[in-house]
Amino acid sequence: MNSDLAAYIRRYIEIDEEQLAHFHSYLTPKKLGKKQYLLRAGQTCKGRYYITKGCLRLYYIDTKGHEQIIHFGIENWWITDYDSLLNGGPSRMNIQAIEPVELLELSENSLSELYLKVPQTERLFRSIMERTYIAIQRRMEYMFSLNSEELYKSFITANPKFVQRVPQYMLASYLGITPEYLSALRK
């Protein structure tokens with residue numbers, strides 16, 4: 001069992017070693033090279049992905065052909081397209097590696113079975129969804145209430161690891177500003 005994943009799980013639920021081993025048995029390791037896609041728009045998302053190494057971005061292409069980054073994911077985070085995963089339809093999102101990535105995939109079919117075998121995992125994934133919702137809610141609040149400079153400062157204060165790992169144009173997309181304006185802010 002991945003020790004970081006075990007520690008992550010134990011932050012949310014009580015689980016013994018046997019149950020952890022059972023949880024781990026449902027995970028499939030995956031590797032992606034830099035710029036490789038985990039999910040492309042039009043495909044149906046089939047799982048949730050725990051990141052053990054690397055950085056990914058979740059984004060869509062708007063009607064003007066611009067990338068709009070919704071979310072980044074780094075080590076010890078989960079990433080997926082919940083809309084496609086839970087509704088079973090084609091994704092409008094792309095999930096792409098920003099750097100080489102190692103993940104553990106938990107398919108939706110396996111999750112249903114895991115809930116039956118290790119019931120407290122339902123609480124784990126409910127907690128993950130709640131925290132995801134809170135993060136989205138805060139991001140929306142910041143986007144509506146802060147100016148671009150305040151938004152950038154808030155982001156780098158809360159997420160200093162991203163500034164070194166994410167290209168400037170991607171960070172600008174996430175913040176809803178132009179790369180040129182972000183460059184001016186960084187100076």
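Colleague: Which residues does Ser 91 touch, not counting residues up to four places away in sequence?

Modeller: Ser 91 touches Leu 39, Arg 40, Ala 41, Gly 42, Gln 43, Asp 81 and Ser 84. Contact means heavy atoms within 4.5 Å. This is a predicted model, in which local features need pLDDT of at least 70 and side-chain atom pairs count only at pLDDT 80 or more, while totals for chains, interfaces and linings use all residues. Residues are numbered from 1 along each chain as its sequence is written, and side-chain values use heavy atoms, with hydrogens and water left out.

Colleague: Why does Ser 91 count as buried?

Modeller: The relative accessibility of Ser 91 is 4%. Buried means under 20% relative accessible area, exposed over 50%, and partly exposed in between (1.4 Å probe, protein chains only). Ser 91 therefore counts as buried. Its place is the loop between α3 (82–87) and β7 (94–97); helices (H or I, at least four residues) and strands (E, at least two) are DSSP runs, numbered from the N terminus.

Colleague: What joins the side chains of Ser 91 and Asp 81?

Modeller: A polar contact of 2.4 Å joins them. The term covers a pair of N or O atoms within 3.5 Å; within protein, one must be able to donate a hydrogen and the other to accept it, and residues adjacent in sequence count only if both atoms are side-chain atoms.

Colleague: How does Ser 183 count, and why?

Modeller: Ser 183 has 25% relative accessibility, so it counts as partly exposed. Ser 183 sits in helix α9 (residues 179–186). Its C-alpha atom is separated by 9.3 Å from that of Tyr 169, 14 residues apart along the chain.

Colleague: Why is α8 described as largely enclosed by the rest of the structure?

Modeller: Because six of its eight residues are buried. They are Met 170, Leu 171, Ala 172, Ser 173, Tyr 174 and Leu 175. These buried residues pack against β4, β5, α5, α6 and α9. After α8 comes Gly 176, with a positive phi near 75 degrees.

Colleague: What makes a set of residues a nonpolar core?

Modeller: The members are buried Ala, Val, Leu, Ile, Met, Phe, Trp, Tyr and Cys residues joined through side-chain atoms within 4.5 Å. The largest such core here has 37 residues, and Leu 5, Phe 23, Leu 56, Trp 78 and Leu 124 have the most contacts inside it. Helix α1 (residues 3–12) gives the most to this core, five residues. Another core, of 19 residues, lies apart from it and includes Phe 72, Ile 74, Leu 151 and Leu 171.
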